[in-house]
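Hi,

Here is the structure I promised to pass on to you. Have a look first, and then read on for my notes.

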Amino acid sequence: MTGSLAASDLSVRYETPHGNVHALRHVDIEAHPGEVIGIVGESGCGKSTLVTALANLLPANARIEGSIAYDGVDLVNLDAHRRRLLRGDEIALVSQDPMTAFNPVLTIGDQLVDFQHHRKDLDRAQKKARIAAMLTRVGISDAERRMRSYPHELSGGMRQRAAIAAALLTDPGLLIADEPTTALDVTMEAQIIHLLRELRREYNGIIMVVSHHLGVIAELCDRVYVMYAGEVVEGGEVDAIFHDARHPYTRALLACDPARFPERLERLPTIPGTLPNLTDPPAGCIYASRCERTLAPCHNVVPPRVKLSASHIARCHGVRG
Amino acid sequence: MTPLLEIEDLSVNFARGGMINRLLNPLPLPSFNILDGVTLSLMPGQTIGLVGESGSGKTTLARTILGLVRAAAGRIAFEGKDVLTGADFRAMRRRSAMMFQDPIASLSPRLRIGSLLTEPQLIQGLPMADRRTVAKTLLAQVGLPASFIDRFPHELSGGQARRVGVARALAMKPHLLLADEPTAGLDVSVQGDVLNLVGELQRELGFAAMIVTHNLAMIRHVSDRLAIMYLGRLVETGPTQEVFAAPMHPYTATLIRSEPVPDPRQRSHHLAVTGEIPSVFRRPSGCEFHTRCPLVQPRCRLEPPAYRRAGTNRMVRCHYPLETCDQEKEAFARASENKGN
């Protein structure tokens, strides 16, 4: 399908002096234009590795297996030159800290002109006009003045809006927002969520939201993939994930969120145990060591991908389709 | 019962401009009100949550209480005695402890955990029979293995470093614990761990706690009282459950409504608040929240509201406090419609 993204059997390992770190193992995800896809998981679950793999930004010690097909093109086997053309043109990334996304010694306006370098058909004045329109669109008032500002002169929320504007100026088919609200206050977070929700109505590419915050995912996404220790353990429609979660990890993660309990709890729920060592991942299910309901095969047989409905899958020995 | 900590009309001013500016400029530089008229008390064993956006002065308040920032006016009393001089603050710091925001950065990278845990006792000149035994007892108290005594801070995970932070804060058996964003940067499955630990130790040792945070979902489970700050002033205080059930200040209501709900069936479709927190260098006239308040009236722009009692144990700084939840919801709905959505 045009503009679709599909990663199949994607594995990434980092070669380090202490052995190979298997950061991503056999990940299958797909996304179609017009969809908002959520990737949720805690630190060390591989969401950043997945994002960098999709954006072709993996470091030199990364070894990648499997395939990432975007718009019918296999990104894994693409030569460096064509990959570079794709990144920043078709694939745009909004990162967690917008301060590091911008160059501190250039004005916002100059940087946003550079972001449009692939638009050879426009001259500088036309590019500036597009920038002014886009900044207004993302809710920055007084766009002309803001274009002459340096990144440090903008507040955190304003910088994140400018970063979203920068990403959209490239007309990407895939917009990846990596923890877009983590660095912001709750009132700014609500505003950025509101903005992303408005933008999706006009934008017909794929939006991928990566976050550890269940609230952000629930507010924004159509479909969600839950990751744990480098694997996608469950995926499905947002309603299925939040109301009919089947994988024990998804359930435990949801149960830990204090925002789900309006009454005061004496003890906050937690997930006992620690992440497995990814230099030597366990033979069976990756979550077995912390799981509350392990079965006989969990410790030595890799769990199957169980299809629970057309879109809902879970990787667990304990669920039946 | 005398409160453990009493703060009355506390103000803190910072002069704007760096040292060079001060040396070059013969005239006194204008100073800016960072904290203004903060009045707060904390009973022994109680937990108070200090909530607000960045720039609201939460951390400055915690630092002023410990004497790390000098107050321009106001009174701080600890265990019934006024804290005035540097010596008073030192005596107070002996019975109070701070957990800093970044757990790894607050541990010296060159010291082993054992030395880090016994440093407070050395500084306060307390006799210790055996440093290693003391450190091991503290580690056991926070549920870490004794072998951690010889580790360096960089060998710990975020959650473990927090536990060491808790152990070190409690080393002096404080009567007051100040925790600055104790769960920032922690995963939800680990954040509960740290808070449960602090709660257990609090029940066991009976210290009072002040938790500085912007995480509303967390603070509603771990605090008895809430104090909401905006631009260096308290705008509302009251028992946590009551404040969440019926916020009186429109700012409190907006904070609660802005929190994303982890349920796709309850998506909120209008925006609770627009705009950003103004700078303390340019305080708005009248009520400082009027620039963002959906319920703003002409009077709010001119006249600053007093901080007054509302009900038995609540205080609010607003000319027109909210009476019912519906009133606030309707106003927010109207305000977002007027914006043309």
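Predicted model: local features only at pLDDT ≥ 70, side-chain atom pairs only at ≥ 80, totals over all residues.

Residues are numbered from 1 along each chain as its sequence is written, and chains are lettered from A and ligands numbered from 1 in the order in which they are written. Helices (H or I, at least four residues) and strands (E, at least two) are DSSP runs, numbered from the N terminus.

Back to E8(A). Ile206(A), Met208(A) and Val210(A) are buried on one side, and Ile207(A), Val209(A) and Ser211(A) are buried on the other. Two strands count as paired if DSSP finds at least two bridges between them. E8(A) pairs in the parallel sense with strand E3 (residues 36–40) of chain A over 5 bridges, with Val209(A) as the partner of Gly38(A). Strand E7 (residues 174–178) of chain A also pairs with E8(A) in the parallel sense over 5 bridges, and there Leu174(A) has Ile206(A) as its partner.

Elsewhere in chain A the pairing is antiparallel. Strand E1 (residues 5–16) and strand E4 (residues 62–70) of chain A are joined by 8 bridges, one of which links Val12(A) with Ile64(A). E4(A) is also joined to strand E5 (residues 73–74) of chain A, by 2 antiparallel bridges. These two, E4(A) and E5(A), form a hairpin with 2 residues between them, and Asp71(A) in the turn has a positive phi of about 55°.

Now to chain B. Helix H4 (residues 113–123) and helix H5 (residues 131–141) of chain B pack with their axes 9 Å apart at an angle of about 100° (axes are lines fitted to C-alpha atoms, for helices over the stretch in contact, and angles run from 0 to 180 degrees between N-to-C directions). The buried residues of H5(B) are Ala135(B), Leu138(B) and Leu139(B). They share a side of H5(B), because they cover an arc of only 100° around the axis, taken from the directions from the helix axis to the C-beta atoms. Thr133(B) and Ala140(B), on the other side of H5(B), are exposed. Just after H5(B), Gly143(B) takes a positive phi of about 75°.

One loop residue is worth a look as well. Pro305(B) lies between helix H11 (298–302) and strand E11 (308–309) of chain B, and Pro305(B) is buried, with 20 other C-beta atoms within 10 Å. His319(B) is 14 residues from Pro305(B) in sequence and 5.5 Å away in space, C-alpha to C-alpha.

Lastly, the two chains touch: 36 residues of chain A and 31 residues of chain B are in contact (C-beta atoms, placed from the backbone, within 7 Å). On the side of chain A, H8(A) gives the largest share, 8 residues.

Best wishes

Notes: Buried ≥ 20, exposed ≤ 12 C-beta atoms within 10 Å, placed from the backbone.
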